[in-house]
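I opened this notebook to record how the parts of a two-chain model are arranged. The entries follow the order in which I looked things up.

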Amino acid sequence: MRTAAEVEELLLSEVPPDRRLRVFAALLGAASGLGTSGLTVVGDSAIEIYINGAYVSGDIDLVAADPDKVRQVLRAWGFRDEGKLWTHSKLGLYVDLVGRFNSGSNRLTRVVQTEYGSVKLGAIEDLIVKRLLETRYWGQKAALAQAILLTREYGADLDWDYIRFFSERDGLDDLVAEMRRRSGLVRNAR
Amino acid sequence: MLDDIDPGMVALFGSQNRTLVLAALANASGPLSGYRVAKLFGGQKIKVNAELNRLAKAGVVTRRRAASGRLGWTLEDPDLRRLLRKRIRICFAPDWDERRPASGEAVDRLLSEIEASLPDPKVDREFYRPKNWKPSPAGRNLLREKVRPREKDAILRKYAARTSYREGKKL
C-alpha cells in the first residue's frame, strides 16, 4: 500500500486537478483490497468524473462492499473521522461512505482504467433519473443541467429502456423529452 | 479480473474471457494490442491472445494499424460494438479523455450556460412540477437519498469546501 506521503505527493503534485477524484478512488480501491468490484463512486462525484469538470473540493460518495477496509486505509492516509465525512483538508478530499450496496444498476456501471488502477463509476442512467426526479420535486435547475450535459456526451450509448422505465413510473417523460431535445439527441437512441 | 459483468452477455458470448475481450475492443476508439486488452480487465495475456486469434479466425475481430503505426485488434461490426458498449462499459482513461470534448473550467462554463438557458422555476412552475404530480413510493426513496444531513455541509463549510446545491432541501 502507498504511504500517506506518497498519496499526498501523487495527488497534489503529479495528477491534474480534474483527474484527482478518479485517481484517488483507484488508489483507494487498490489499497483497501476491494478492487474495482468492491468500490463504486456514486452521486455528484461520479458526475464530476463523467463530465470531466474542474475539480472543486466537495464530498466524494463511495459505496464500499466492506467499509471497514476503506476506513482502515483512510486512517492510514491521514484522514480524520468526523462522523458524516472522512476529511483530509490538505488534499481537499471529504469522503462519505454512503453504504455497502449501490441502489442503482450494477450492469450499467463504468470501469475506467487509470495508470494507478481502475475505478468503477455508478451508472449514468441512474444519475440522470435521480437528477430528473430532483428537478421535478425541488425545481432544481442545476440538476437538470447536469442531466442534459450527461446526455449530450453519452446519449448514444445509454440504455434508454432503463431510463424510460423510471421516467414512466415517476411521471418524468416530459423532462426526458426536454433533456433529449436540449442535448441534441432528438432521435430515439434505442 | 473483472468478475461482476453482465451475466446475460457472458451467456450470449459463451465465456467471461471472450465477453471481456470483445467489450474492451468495443469500448476502444482505436486498435488495441493483446497486452492492452488484457491489462484493461485484468485478464491473462496468454488467454486473451488465444481468444483474439480464435475470434480473428471466425472473422469477428480484425488486425489494423493504429495511428501510432503499431498493429492492434479492432471490433468493427457496428451493431456488436453498440450492444457491448451499452452493456459492458470499460475503457482506458486516456482514450476516454480524448473522446470528451471539454474538460475542467470549460465544462463548468458549459454547465452554467445550460442552466441559464433553462426556464425559471419561480416563473414556469408547471415545467418543473406540474399540478398534482407526486413521486411514486420508490421515487420518494430515491429522493430521500438526496436529502443531505446538515452535519455534512457543516463539515464542508468548516474547511471552506464546496457545499451541495441540495443543502437544506427537505422531502
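This is a predicted model: local features need pLDDT of at least 70, side-chain atom pairs count only at pLDDT 80 or more; totals for chains, interfaces and linings use all residues.

The entries below treat domains, sheet, hairpin, helix packing and the chain contact in turn.

**Entry 1**

**Entry 1. Domains**

I looked up the domain assignment of each chain. For chain A, the assignment gives domain 1 (4-122) and domain 2 (125-182). The C-alpha centres of domain 1 of chain A and domain 2 of chain A are 25 Å apart. I then asked how many residues of domain 1 of chain A are in contact with domain 2 of chain A. Eight residues of domain 1 of chain A touch nine residues of domain 2 of chain A.

Chain B is divided into domain 1 (7-99) and domain 2 (135-171). Here the C-alpha centres of domain 1 of chain B and domain 2 of chain B lie 40 Å apart.

An open sheet of eight strands, with mixed pairing, runs 3(A)-4(A)-5(A)-2(A)-1(A)-7(A)-6(A)-3(B). Which strands are the edge strands? They are strand 3 (80-81) of chain A and strand 3 of chain B, each of which pairs on one side only.

In what sense do strand 6 of chain A and strand 3 of chain B pair? Strand 6 (residues 110-114) of chain A and strand 3 of chain B pair in the parallel sense, over four bridges. I located V112(A) opposite C91(B) in strand 3 of chain B.

**Entry 2. A hairpin in chain B**

I examined strand 1 (residues 61-65) and strand 2 (residues 71-75) of chain B, which run antiparallel and are joined by five bridges. V61(B) stands opposite L75(B) of strand 2 of chain B. The two strands form a hairpin with five residues between them, and G69(B) in the turn has a positive phi of about 95 degrees.

For each helix pair I recorded angle and distance, since two packed helices are described by the angle between their axes and the distance between the axes.

Helix 2 (residues 20-32) and helix 5 (residues 67-76) of chain A pack at an angle of about 110 degrees, with axes 9 Å apart. Helix 2 of chain A and helix 5 of chain A are therefore roughly perpendicular, and their crossing is right-handed. L28(A), A31(A) and S32(A) of helix 2 of chain A make the contact with K69(A), V70(A) and V73(A) of helix 5 of chain A. By class, I list four nonpolar residues, one polar and one charged in this contact.

Helix 4 (residues 43-51) and helix 7 (residues 141-154) of chain A have axes that come within 10 Å and cross at roughly 40 degrees. That angle makes helix 4 of chain A oblique to helix 7 of chain A. The crossing of these two helices is left-handed. From helix 4 of chain A, I47(A), Y50(A) and I51(A) take part, and from helix 7 of chain A, Q146(A), L149(A), L150(A) and E153(A). I count five nonpolar, one polar and one charged residues in the contact of helix 4 with helix 7 of chain A.

**Entry 3. Helix 7 against helix 7**

I then turned to a helix pair that spans the two chains. Helix 7 of chain A packs with helix 7 of chain B at an angle of about 120 degrees, the axes being 9 Å apart. The two helices are therefore oblique to each other, in a right-handed crossing. K141(A), A142(A), A145(A), Q146(A), I148(A) and L149(A) of helix 7 of chain A meet L110(B), L111(B), I114(B) and E115(B) of helix 7 of chain B. The residues of this contact divide into seven nonpolar, one polar and two charged.

**Entry 4. The contact between the chains**

Finally I looked up the whole chain contact, which takes 52 residues from chain A and 50 residues from chain B. On the chain B side, the elements that each supply at least two residues include strand 3 (89-92), helix 7 (105-117) and helix 9 (137-146). Which element of chain B gives the most to this side? Helix 7 of chain B does, with seven residues. By class, the side of chain B that touches chain A holds 26 nonpolar, five polar and 19 charged residues.

Terms used
Residues are numbered from 1 along each chain as its sequence is written. Chains are lettered from A and ligands numbered from 1 in the order in which they are written. Axes are lines fitted to C-alpha atoms, for helices over the stretch in contact, and angles run from 0 to 180 degrees between N-to-C directions. Angles under 35 degrees count as roughly parallel, over 145 as roughly antiparallel, 65 to 115 as roughly perpendicular and the rest as oblique. A crossing is left-handed if the near helix is turned anticlockwise from the far one by less than a right angle, and right-handed if clockwise. Two residues are in contact if their C-beta atoms, placed from the backbone, lie within 7 Å. Ala, Val, Leu, Ile, Met, Phe, Trp, Tyr, Cys and Pro count as nonpolar, Asp, Glu, Lys and Arg as charged, and the others, Gly among them, as polar. Two strands pair if DSSP finds at least two bridges between them. Domain bounds come from an automatic or database domain assignment.
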